[in-house]
Amino acid sequence: MTTALVPSQPLRQRIRVARTDRLDSLTGLRFLAAFAVFTHHFTGASPSGGVAHAPVLFPYSTIGITGVDFFFVLSGFLLAWGHRAGTGAKDFYRRRAGRILPLHLAATVPCIWVFHVWGGVPWDLPSFLASLVLVQTWFPGVVPMFPGNGVAWTLSVEALFYLLFPFVIRGAYRLRTRTLLGLSGAGIVAMWALNWWTATHLSPFYSEWVMRHPVTRLPEFALGLTLALAVGRGIRVPLSPGVLAAAFAAYTVVYAHRGAWFTDTVTGQLTYSVRPLAAVFSVLVIVAYVQRERDGRRGWLCTPVMVRLGAWSYAFYLLHQTVNRLIVDHWGRAHPSNESVFTLLGVAAVVVALSWAAYTYVEEPARRWWTRR
């Protein structure tokens, strides 16, 4: 345990807070979020999509796409939680680049062959270069819609978070907790309102582009950052991970059947609000597990297996869709069957093995080399 001085309040309001250097439960949660995204991509967004359609999972598996919302919230939380006063922007950028870029570039190499050479997906050089430097989500005309390694669009969003963080955290330190919470809440409401407006005023393509734009995802990052500072300043929220899991499961059922159970108006609102609500669920789960771990209650997420899987989750996320596409191009889509669940687990095991290799022989050696340089 270490004691950190929170440089966020006037001197008379400063408090000392005990913080753990590692939060293993959040590392375990990273893998669950990556696995949720993998499950969504594997089963598809429709009965005719994905690698293998499993009726027992679909349409509930479509909620797995909100795993990216969890990552955006978690980024804000972890960056604020681990920040130390006096850290310069240059050092921060260098560390983030060493953490993100090497594996991103390495994971793009098989994508060139799987998607474009063998798969025949059309592409153009400017769009591909934009994906390499992680600015692809800033432009609506990239080809295809997710150029390069398609899942790396989330890294383009994260890049903006990293760019702004050294300046945002300084301003956040000067604000009271209630002010930060109010601003974060307003940002989440604005995100819902923007999603509603784009869905009713723009084409589906441009609506989705706007809602994937890095600027529109800033409220999720800010929410995580705010709760990290709030918890660090001593605020406690009575939360139970089990209750939150049950609530999210119930919400998933409602969301999955929204078109059949509700009017068009209610269905629309459930669609427009899924990202903001996923962000709120994410931050509540994060806070719940952080509080438990700080109290000395280490659960199954802190086991060595889950911590290792969490460490490999970045590689798992970057590689999973390439493996999915390779399977579809080579063997085609399987006939819909609940037995596809076993195929899903088998493919997940393959991706985990590849993720271990990528982490062991690419990500960590590159990070250490980058740090030494």
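Predicted model: local features only at pLDDT ≥ 70, side-chain atom pairs only at ≥ 80, totals over all residues.

Now look at the partner of D91. R94 forms a salt bridge with D91. The closest N and O atoms of the two are 2.8 Å apart. Side chains of opposite charge can pair when their charged atoms come close. R94 is partly exposed too, with a relative accessible area of 36%. Both residues sit in helix α3, which spans residues 89-118. They are three residues apart there, so about one helical turn separates R94 from D91.

That pair is one part of a wider set. A search of the whole structure finds 13 salt bridges. Take E220 and R217, whose side chains meet in a salt bridge at 2.8 Å, N to O. Here the setting is buried. E220 has a relative accessible area of 0%, so E220 counts as buried. R217 is buried as well, at 1%.

Next, go to R236 and D295. Their salt bridge has its closest N and O atoms 3.0 Å apart. R236 lies in the loop between α8 (218-232) and α9 (241-256). D295 lies in the loop between α12 (274-294) and α13 (304-311). The pair therefore ties together parts that are 59 residues apart in sequence. R236 is exposed, at 52% relative accessibility. D295 is partly exposed, at 41%. Salt bridges can also form a network, as they do in linking D24, E293 and R298.

M145, L194, W197, L202, F205 and Y206 make a nonpolar patch of about 510 Å². Two elements give two or more residues to this patch: α6 (177-201) and α7 (204-212). F205 lies in helix α7. At 34% relative accessibility, F205 counts as partly exposed.

Stay with α6 for its packing. Two packed helices are described by the angle between their axes and the distance between the axes. Helix α6 packs with helix α11, residues 264-272, at an angle of about 125°. Their axes are 9 Å apart. The two helices are therefore oblique to each other, since an angle of 65 to 115 would count as roughly perpendicular and one over 145 as roughly antiparallel. The crossing of α6 past α11 is right-handed.

Last, the backbone in the loops. A cis peptide bond joins F58 and P59, with omega about 10°. P59 lies in the loop between α1 (24-43) and α2 (67-82). Another cis peptide bond runs from V143 to P144, and there omega is near -10°. P144 lies in the loop between α4 (125-132) and α5 (153-173). L134 is found in the loop between α4 and α5 as well. Check its backbone: phi of L134 is near 60°, a positive value in a residue other than glycine. L134 is buried, with a relative accessible area of 7%.

Technical notes
Residues numbered from 1 in each chain as written. Heavy atoms only, no water. Patch = residues over 30% accessible without salt bridge, like charges linked within 9 Å, V, L, I, M, F, W, Y side chains within 5 Å. Areas by Shrake-Rupley, 256 points an atom, 1.4 Å probe, with all protein chains shown as cover. Salt bridge = Lys/Arg side-chain N within 4 Å of Asp/Glu carboxyl O. Helix = DSSP H or I, 4+ residues; strand = E, 2+ residues; numbered from the N terminus. Buried < 20%, exposed > 50% of the residue type's maximum accessible area, 1.4 Å probe, protein only. Axes fitted to C-alpha atoms, helices over the stretch in contact; angles between N-to-C directions. Parallel < 35°, antiparallel > 145°, perpendicular 65-115°, else oblique. Left-handed = near helix turned anticlockwise from the far one by under 90°.
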